[in-house]
Amino acid sequence: MFIGIDDTDSPNKYCTTYIATLLIEELKGCGYSVDMPKLIRMNPMVKYKTRGNGGVAIHILDELYSKDKEEIKNITISLVEKYTDFECENTNPGIVFLDEAKYKENREKLTNYYKKVLYDIVSVDYAEKFILKVGGEFIKYKLGRGIIGALGAISSTPPYTYELLAYRKKEMWGKKREIDEKSVIEMDKETFPYTFDNYDYENEKILIAPNTPCPVLFGIRGIDAEILLKAMHKIEGEKPERFMIFKTNHGTDVHLRKMNIKDIYPNTGVIVYGRVVEEPRDIEGGHVIFKLSDGTGEIDCMAYEPTKGFRDIIRKLIVGDYIAVYGTVREKPLGINIEKIKILKLEKKFVKDKRCPYCGGTLKAKGKKAGYKCKKCKKTIAYDEIKMIEVERDLKTGFYEVPGSARRHLSKPIQLIDLI
C-alpha cells in the first residue's frame, strides 16, 4: 500500500517530511514493514507552492487486510490533521492512498503522471480524475492541492539521490539554529563528491539548515545513504531529536528536457542547445541577459543577481559561442532562467592591432572613413587594413553552474554529472 502526503507546511511552521517521519515511526510501532520513504519535488515553476513543492510517499510492504488499511488510514489522517498549518491561506493539504495491486496495474500511467507534474502545471481536478482512474483514494483539505504532489511522490521513478533530515526537539522550534560552521565545512570536504550543497564557499553560507521556523534542524543530501549517516555525526552544535533518510529526486535535473526554442512554453524546464546571437548585457537589478538561437527560434536567457559570480561567466560569452542552457522558462517576458550552462565551442575573438606597421607607434582612430593615424610617424592606415589579432578567451569548454545558495532542489550540481 502507498501513502502520499503533500502541502501540509507553510512558511511559518511544520514540514510534510516531519509528518512522514512520525507516521513511519507509528506504523513500525504497530508492526508494519515500511520501505525507505520518498521526498519528491515537482515542477519548481508552480507559483502556489507553500515552500519547495515537495510531496512525500510511504510504501508499506506487508500484505494488508481491510482492518489494517483502515488502521493505517486513521493513523495517517490523525497525524496530518495534527501537524498541518491550516491557518495559512496557501496551505491546502492532500492525502492519497493507493493499493499495491492498483499501483502495479497502472505503472505506466503513473510514470506519465510523474513526468507531467515535473514539466507542467497540474490542476486539482486533473489529479482527482487521475487518482480515481488508477483506483486510488484521496482526502482533500481546503482547496486540496496537496493531492497533486501526493500522487506525484507515489508515482516517481529513478533517478534518485538521498536526503537525511534531522529534526529538532519541539522546544527548539522557531528558535535560532545553532550549527557549527566549521564542522559543516569539514564534513563537506570529507564527503565530497558523495554529498552535495552543504556549504556555499563563494558566499560563505551554510546550506544544510533551512531558514524557516520548521521542525528541520538540517538536511544533508548525497548519493549514498551510508555516507549520509557518517556525515550527520560530523555536524556539531544543536543535537537533533530524530532523523530520517528519504529517497529523493534532488540534484537529478528530472525537471528539464531537451527542447527546440520554437516548442518552448512558459513554466517548464528545458535544455536548449544553440548559439549566442546577442552579447550579454547587464540590466536593472543586477541581472545579466543574452539571446540564444538554435535555428528554430531565438530566446532570452537570464542570470539573476542572486547567482553572484556566475554572472561573470555569462558576461564573457560572445556572439557565435555554441552552448547548452539548462533552466526553467519564465512567462513574462518569455525567457530561460539559467541554472547552469555547458560551453561546447568557443568562437574566436579578435581585436585590432593598434601598433603602427611602419614604426611600431600607437594608432589612433580618426573615424571609419579616415581610418587610423600613427601618433609617432603620422602615417595614415585605412580602417579595413588594420591587422586583427586573436585574443585568448578567458573561458574554457565545459559546465558552469550557479552557486549552491541559488540552486533549485532539482538542479543537478556539476559534481554529480558523471555519478548519477
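These legends walk through several close-up views of a predicted model.

Residue numbers start at 1 along each chain as its sequence is written, and side-chain values rest on heavy atoms, with hydrogens and water left out. Since this is a predicted model, local features need pLDDT of at least 70 and side-chain atom pairs count only at pLDDT 80 or more, while totals for chains, interfaces and linings use all residues.

**View 1. The whole chain, for orientation.** The chain has 9 helices and 23 strands; these are DSSP runs (helices: H or I, at least four residues; strands: E, at least two), numbered from the N terminus. Its C-alpha atoms fill a box of roughly 100 × 45 × 40 Å, taken along the principal axes. Of the 420 residues, 52% are buried, where buried means under 20% relative accessible area, exposed means over 50%, and partly exposed lies in between (1.4 Å probe, protein chains only). Among contacts with a separation of 6 or more, 70% link residues 24 or more positions apart; a contact means heavy atoms within 4.5 Å.

View 2. An unreviewed UniProt entry places "domain: TiaS-like TCKD" at residues 2-141; UniProt positions are given in the numbering used here, feature names are shortened, and annotations may be inferred rather than shown by experiment. Over residues 2-141 the chain is 43% helix and 17% strand, with the end C-alpha atoms 19 Å apart.

View 3. How are two aromatic rings described? A pair is described by the distance of the centres and the angle of the planes. Here, rings of Phe, Tyr and Trp (its six-membered ring) pair if their centres lie within 6.5 Å; planes under 30 degrees apart count as stacked, over 60 as edge-to-face and the rest as tilted. That rule gives 13 aromatic pairs. Phe2 and Tyr103 make a stacked one, 4.1 Å centre to centre with 25° between the planes. Phe2 belongs to strand β1 (residues 2-6) and Tyr103 to helix α3 (residues 100-105), so the pair ties together parts that are 101 residues apart in sequence. Both Phe2 and Tyr103 are buried. Elsewhere, Tyr14, Tyr18, Tyr83, Tyr167 and Trp173 form one aromatic cluster.

View 4. Which residues of α5 (residues 124-133) are buried? They are Val124, Ala127, Glu128, Phe130 and Ile131. The buried residues of α5 pack against β4 (94-98), α4 (107-119), β5 (137-140) and α6 (146-155). Tyr126 and Phe130 sit 4 residues apart in α5, about one turn of the helix. An α-helix has 3.6 residues a turn, so residues three or four places apart point the same way. The ring centres of Tyr126 and Phe130 are 6.3 Å apart and the planes meet at 25°, so this pair is stacked. Tyr126 is partly exposed, at 34% relative accessible area, whereas Phe130 counts as buried at 7%. Lys116 lies over the face of Tyr126, 5.4 Å from the ring centre; for a charge to sit over a ring, NZ of Lys or CZ of Arg must be within 6 Å of the ring centre and within 35 degrees of the ring normal. Just after α5, Gly135 takes a positive phi of about 85°.

View 5. Strands β2 and β3 (residues 54-59) run antiparallel, joined by 4 bridges; two strands pair if DSSP finds at least two bridges between them. Arg41 has Gly54 as its bridge partner in β3. With β11, β2 pairs in the parallel sense over 2 bridges, and Lys38 is partnered there by Lys247. Asn249 is found in the loop between β11 (242-248) and β12 (256-258), and is buried, with a relative accessible area of 0%. The Asn249 side chain reaches the backbone oxygen of Arg41 at 2.9 Å. Residues touched by Asn249 include Leu39, Ile40, Tyr114 and Leu410.

**View 6. A three-stranded sheet near the annotated zinc ribbon.** UniProt (unreviewed entry) places "domain: TiaS C-terminal zinc ribbon" at residues 354-395, a stretch that is 0% helix and 29% strand. The open sheet has the order β19-β20-β21, with antiparallel pairing. Strands β19 (363-365) and β21 (380-381) stand at the edges with a single partner strand each, so one side of each is left without a neighbour in the sheet. Lys373 stands opposite Thr380 in β21.

Conventions:
A polar contact is a pair of N or O atoms within 3.5 Å; within protein, one must be able to donate a hydrogen and the other to accept it, and residues adjacent in sequence count only if both atoms are side-chain atoms.
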